Amino acid sequence: LTAQIHQAKGKYDDAIGSFLNAIPLLRETGDLPRVASANERLAEIYVQQGRDDDARDAIEQSLNTNEQLRVPIRLAESKIHEALYHVAMSDISAAENVLRTVDETLSNLEGGRVLILLHLVKGKIHRQRGALDASTAALASARDLARRSGYLLLEQRARVELSRTLMETGE
């Protein structure tokens, strides 16, 4: 929780330290879902800081942890973070390939948070490709799903991304 507070406040170095301290403790207690989540958040920070190799390592740790859990929805969420990494690296083709596997997983499950994240990533991909109408539609879906599901932070994130896309369209 401390790491997430630091991250929300933009204190990224403190957040990294807290996540790095928490991960071994969470692993010791067997709380693998939180180990995976901590690695995903760590990857987000690393991407923001331009630490691509560290981000990739954190994503791989999250994927490995979720594969150990054998919980499809957690693995799908890690895959979405992997797709975000590829978007940040401007490797749109790789992001789309990863999202295809997520689509397959989610077609059999109700994803909730994961489905919202999926729409967010698709919106970013469409925006980078210049498909602003598709980006707007995906991001509006993410915003609406987040609102209905009560995921306030994801709703805020979707609103920010939607605003960026709308600014590009001139609306």
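The predicted model contains 14 salt bridges, a salt bridge being a side-chain nitrogen of Lys or Arg within 4 Å of a carboxyl oxygen of Asp or Glu. Side chains of opposite charge can pair when their charged atoms come close. Residues are numbered from 1 along each chain as its sequence is written, and side-chain values use heavy atoms, without hydrogens and water. Because the model is predicted, local features need pLDDT of at least 70 and side-chain atom pairs count only at pLDDT 80 or more, while totals for chains, interfaces and linings use all residues.

**Salt bridges**

The table lists three of these pairs.

| Pair | N to O distance |
|---|---|
| Arg-34 and Asp-31 | 3.6 Å |
| Glu-161 and Lys-124 | 3.8 Å |
| Arg-164 and Glu-161 | 2.9 Å |

Glu-161 belongs to helix H9 (residues 152-169) and Lys-124 to helix H7, so their pair ties together parts that are 37 residues apart in sequence. Helices here are DSSP runs (H or I, at least four residues), numbered from the N terminus. Both Glu-161 and Lys-124 are buried, where buried means under 20% relative accessible area, exposed over 50%, and partly exposed in between (1.4 Å probe, protein chains only). Arg-164 and Glu-161 are three residues apart in helix H9, and about one helical turn separates them. Arg-164 is partly exposed at 44% relative accessible area, whereas Glu-161 is buried at 5%. A network of salt bridges links Lys-124, Arg-127, Glu-161, Arg-164 and Glu-168.

**Helix H6 and its surroundings**

Helix H6 has 15 residues and reaches 21 Å from its first C-alpha to its last; the expected span of a helix is 1.5 Å times one less than its number of residues, and the value for H6 is close to the 21 Å expected. Its buried residues include Ile-92, Val-98 and Leu-106. Seen down the axis of H6, the buried residues fall within an arc of 150°, so they line one face of the helix; the arc is taken from the directions from the helix axis to the C-beta atoms. These residues pack against H5 and helix H7 (113-129), contact meaning heavy atoms within 4.5 Å.

Leu-84 is found in helix H5 (residues 72-88) and is buried, at 13% relative accessibility. Leaving aside its neighbours within four places in sequence, Leu-84 is in contact with Val-121, Lys-124 and Arg-157.

Ser-90 is located in the loop between H5 and helix H6 (92-106). Its phi is near 65°, a positive value in a residue other than glycine. Most residues other than glycine have a negative phi. Ser-90 is exposed, with a relative accessible area of 55%.

Key
Helix = DSSP H or I, 4+ residues; strand = E, 2+ residues; numbered from the N terminus.
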